[in-house]
Amino acid sequence: MILIYILISIILLPALITYCSSHSSQQTETAPESELAMPEIIRPSSAEFEDYIKGVVAAEMPALFQQEALKAQAVSARTYAVRKMQENAATEVPYQIGQAYITIDEMKQKWGNNFASYYNKISDAVDATKGEIMTYQNEPILAVFHAQSSGKTESAENVWSQSVPYLQSVESIVDENAPDFEKTVSFTYDEIIKKFTEKYNDFHLQKENMTQQIIIKSRSDAGYVQQIQIGNQTFTGKEVREVLGLRSANFTITIENDTLFFTTKGYGHGAGMSQYGAEFMAQQGKTYHEILQHYYTGISFSTIS
């Protein structure tokens with residue numbers, strides 16, 4: 001009996017494990033980092049999907065940017081799309097998922113006589129990275145990006161109140177070279193009252209002594225406003241940015257008479273890849289892999305099949 005038990009353990013147990021593994025849920029299966037097999041239901045036709053990525057890169061990043069920056073944008077856009085398709089079990093290319101996209105005709109209208117050279121440049125960048133995405137623990141990452149940081153990118157938890165291991169704050173001092181890195185806009189007292197009361201009915205701000213009623217209470221390590229008191233309420237920097245249409249939530253405020261001046265640094269939510277940061281890193285000779293690994297902490301690269 002002991003001999004029979006040993007034989008069963010040696011022969012049948014490994015086979016049983018192999019069988020169970022091969023029939024487990026696709027969500028728990030892992031694939032080699034060099035190739036990530038996506039569930040059949042969300043695998044788009046390669047040609048249409050890659051053409052879509054070209055339209056996203058054309059819409060999201062200036063065609064004059066360095067080739068390595070365009071490649072980084074292509075991988076980010078592709079990863080973001082695959083992630084959203086996986087979340088929604090999509091069977092079609094996701095044109096409406098929060099990243100911009102333009103058609104060939106719109107590219108011609110946008111670029112005019114430069115269409116051929118610009119399109120070929122973007123097409124080459126997408127083709128050079130065909131099928132490549134970023135993964136974390138063998139899952140497509142949420143590859144968010146923004147135009148320019150404030151000199152340091154923001155952690156996801158400070159933007160969306162949820163920690164994401166690969167969306168951590170990293171240095172991006174090169175962004176200070178971006179156009180309109182610092183931008184000042186002004187609002188009168190009446191404009192402030194109108195904009196805030198449209199969204200917050202019980203908002204109150206007295207015209208007198210505004211400097212004592214507007215106080216930035218805390219900032220993140222990257223410099224973005226986390227909490228600010230305005231009048232009788234406390235807001236996040238993100239909320240103030242949305243109400244006033246500011247370029248970023250990294251801002252300072254000065255008050256003169258009945259006018260408030262908001263000076264912002266950077267452009268966008270600040271999480272993930274900085275597009276201008278990618279451009280400046282490419283100018284310094286960094287490859288698109290180096291750019292992406294800088295902005296997305298601890299990621300790997302895979303190829304969808």
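**Exercise 1.** Is the crossing in which H7 passes H8 right-handed or left-handed?

*Solution.* Keep in mind that this is a predicted model. Start with the handedness: H7 passes H8 in a right-handed crossing. Next, take the geometry: the two axes, of H7 and H8, come within 10 Å and cross at roughly 110 degrees. Angles of 65 to 115 degrees count as roughly perpendicular, so H7 and H8 are roughly perpendicular to each other. Now find who touches whom: Ile192, Lys195, Phe196 and Lys199 of H7 meet Val240, Glu242, Val243 and Leu244 of H8. Sorted by class, that contact has 5 nonpolar, no polar and 3 charged residues.

**Exercise 2.** Work out which residues of H7 are buried and which are exposed.

*Solution.* Helix H7 covers residues 189–199, and its buried residues are Tyr189, Ile192 and Phe196. These lie on the same side of H7, because they cover an arc of only 60 degrees around the axis. Turn to the other side of H7 and you'll find Asp190, Lys194 and Glu198 exposed. What covers the buried residues includes helix H8 (237–244) and several strands, among them S4 (182–188) and S9 (259–265).

**Exercise 3.** Describe how H3 and H5 cross.

*Solution.* The axes of H3 (residues 67–88) and H5 (residues 115–128) come within 8 Å and cross at roughly 60 degrees. That angle makes H3 oblique to H5. The crossing of H3 and H5 is right-handed. On the H3 side, the contact includes Leu70 and Ala74, and on the H5 side Ile122 and Ala125. By class, its residues split into 6 nonpolar, 1 polar and 4 charged.

Note on methods
Residues are numbered from 1 along each chain as its sequence is written. This is a predicted model: local features need pLDDT of at least 70, side-chain atom pairs count only at pLDDT 80 or more; totals for chains, interfaces and linings use all residues. Side-chain values use heavy atoms; hydrogens and water are left out. Buried means under 20% relative accessible area, exposed over 50%, partly exposed in between (1.4 Å probe, protein chains only). Helices (H or I, at least four residues) and strands (E, at least two) are DSSP runs, numbered from the N terminus. The arc is that of the directions from the helix axis to the C-beta atoms. Contact means heavy atoms within 4.5 Å. Axes are lines fitted to C-alpha atoms, for helices over the stretch in contact, and angles run from 0 to 180 degrees between N-to-C directions. Angles under 35 degrees count as roughly parallel, over 145 as roughly antiparallel, 65 to 115 as roughly perpendicular and the rest as oblique. A crossing is left-handed if the near helix is turned anticlockwise from the far one by less than a right angle, and right-handed if clockwise. Ala, Val, Leu, Ile, Met, Phe, Trp, Tyr, Cys and Pro count as nonpolar, Asp, Glu, Lys and Arg as charged, and the others, Gly among them, as polar.
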